[in-house]
Amino acid sequence: MYPLSIKNLIEVISRLPSIGKRQAFRLVFYLIRHNEIRHELILKLNDLNKNIKICHQCFLPFEGANNLCDICNNPKRLSNIICIVEKEIDVFSIEQTRLFSGTYHILGHLINPSDINSYNTLRLDVLEKRIKNLPEKIAEEIIIAVNPTTEGDLTAMYLERKLKNLAKKITRIGRGIPTGGEIEFADEETIKNSLFNRR
Ligand SMILES: [Zn+2]
C-alpha cells in the first residue's frame, strides 16, 4: 500500500534500538514532510560514513588520520590500566569525571544468559593480545565497569574468571550505582565515588 522507498525506510528505522514499527512509521512520514531535516540527516549520515573509524584497540569511534582513538593515542594515558565498559556512552560518562587516566575496552554488549554466542563476541581476543603486547605482558589493573544488573553481574563474573591471569588486580566499579541502574544515566558524582571506592 505504501511506495517501496517508504516501506524500505520504515523497515530500516524499525531495526534501530527502542524503535518499534509504529514509531518508525511516524518518523518516516515526519521526514517526508520536513525537507530541511531530511536533507540535513542525509548529510550528517554521509559525514559519519566518511569520517568515523573504530579504534582497533578499544573500539571507540573516532575521527582523524590515526589508527587509534585519541585516548589510546595519548602517551599520558596508562595503557596498563584498562577499564572495561559495555558501550561507547559509558566511556563518555567516565571521561566526564576526568578522574581516570587509563584506557578502555568496549565490550559492545553484555552476556545474555539465553544466548550462548554472547560469551564469544565480547572482543576478549583483542584485549588479550593487547595486554600481551604490554612491556610487562600483564595489566596493572583491569577495572570492570558494567552496570549492576543481572546481565552485568554475570558478565563481570565471567570477565573476572577469563582475565585473571592477565592482570595483577581486577576491580569492579558500579557498586555505588543503584542496583539495576545504568552507568549511562548515573550522575558525575556517583561515578566519581564508585571510581574512588573500586575494589
Ligand atoms: Zn582506543
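# Exercises on a predicted zinc-containing chain

The secondary structure of the protein chain comprises eight helices and six strands, and the coordinates belong to a predicted model. The exercises below go from the whole chain to single sites.

## Exercise 1: The chain as a whole

Describe the order of the elements, the domains and the extent of the protein chain.

Step 1. Read from the N terminus, the elements follow the order α-α-α-β-β-α-β-α-β-α-β-α-β-α.

Step 2. The chain is divided into domain 1, covering 4–53, and domain 2, covering 69–196, and the C-alpha centres of these two domains are 32 Å apart.

Step 3. Along the principal axes, the C-alpha atoms occupy a box of roughly 60 × 40 × 35 Å.

Step 4. Of the 199 residues, 37% count as buried, and among contacts between residues at least 6 apart in sequence, 55% join residues at least 24 apart.

## Exercise 2: The zinc site

Which protein atoms are the donors of the zinc ion, and what arrangement do the angles of the four donor atoms make?

Step 1. The protein donors are the SG atoms of Cys-55, Cys-58, Cys-69 and Cys-72, which lie 2.2 to 2.3 Å from the zinc ion.

Step 2. Along the chain, these donors follow the spacing C-x2-C-x10-C-x2-C.

Step 3. Cys-58 sits in the loop between strand 1 (52–54) and strand 2 (61–63), whereas Cys-72 belongs to helix 4 (residues 70–73), so this pair ties together parts that are 14 residues apart in sequence.

Step 4. For the geometry, the angles subtended by the four donor atoms around the zinc ion run from 105 to 114 degrees, and the arrangement is therefore tetrahedral. The ideal angle for four tetrahedral donors is 109.5 degrees.

Step 5. Both Cys-58 and Cys-72 are buried, the relative accessibility of Cys-72 being 14%.

## Exercise 3: Salt bridges

How many salt bridges does a search of the whole structure find, and where in the chain do the partners Glu-136 and Lys-168 lie?

Step 1. The search of the whole structure finds eight salt bridges. Side chains of opposite charge can pair when their charged atoms come close.

Step 2. One of the salt bridges joins the side chains of Lys-132 and Glu-128, with an N to O distance of 2.9 Å. Because these residues are four apart in helix 6 (residues 124–132), they are separated by about one helical turn. Lys-132 is partly exposed at 44% relative accessibility, and Glu-128 is likewise partly exposed at 35%.

Step 3. The side chains of Glu-136 and Lys-168 also meet in a salt bridge, at 3.4 Å from N to O. This pair links distant parts of the chain, with Glu-136 in the loop between helix 6 and strand 5 (141–145) and Lys-168 in the loop between helix 7 (150–163) and strand 6 (170–172), 32 residues apart. Glu-136 is partly exposed, with a relative accessible area of 48%, and Lys-168 is partly exposed as well, with 46%.

Step 4. Asp-153 forms a salt bridge with Arg-172, in which the closest N and O atoms are 2.9 Å apart. Here Asp-153 lies in helix 7 and Arg-172 in strand 6, and the pair links distant parts of the chain, 19 residues apart. Asp-153 counts as partly exposed at 32% relative accessibility, while Arg-172 counts as buried at 10%.

Technical notes
Residues are numbered from 1 along each chain as its sequence is written. This is a predicted model: local features need pLDDT of at least 70, side-chain atom pairs count only at pLDDT 80 or more; totals for chains, interfaces and linings use all residues. Side-chain values use heavy atoms; hydrogens and water are left out. Donors are N, O and S atoms within 2.8 Å of the metal (3.2 Å for Na, K and Ca); water is not among the atoms, so sites may look incomplete. Four donors count as tetrahedral if all angles lie between 85 and 135 degrees; four count as square planar and six as octahedral if opposite donors are over 155 degrees apart and all others between 65 and 115; anything else is irregular. Helices (H or I, at least four residues) and strands (E, at least two) are DSSP runs, numbered from the N terminus. Buried means under 20% relative accessible area, exposed over 50%, partly exposed in between (1.4 Å probe, protein chains only). Domain bounds come from an automatic or database domain assignment. A salt bridge is a side-chain nitrogen of Lys or Arg within 4 Å of a carboxyl oxygen of Asp or Glu. Contact means heavy atoms within 4.5 Å.
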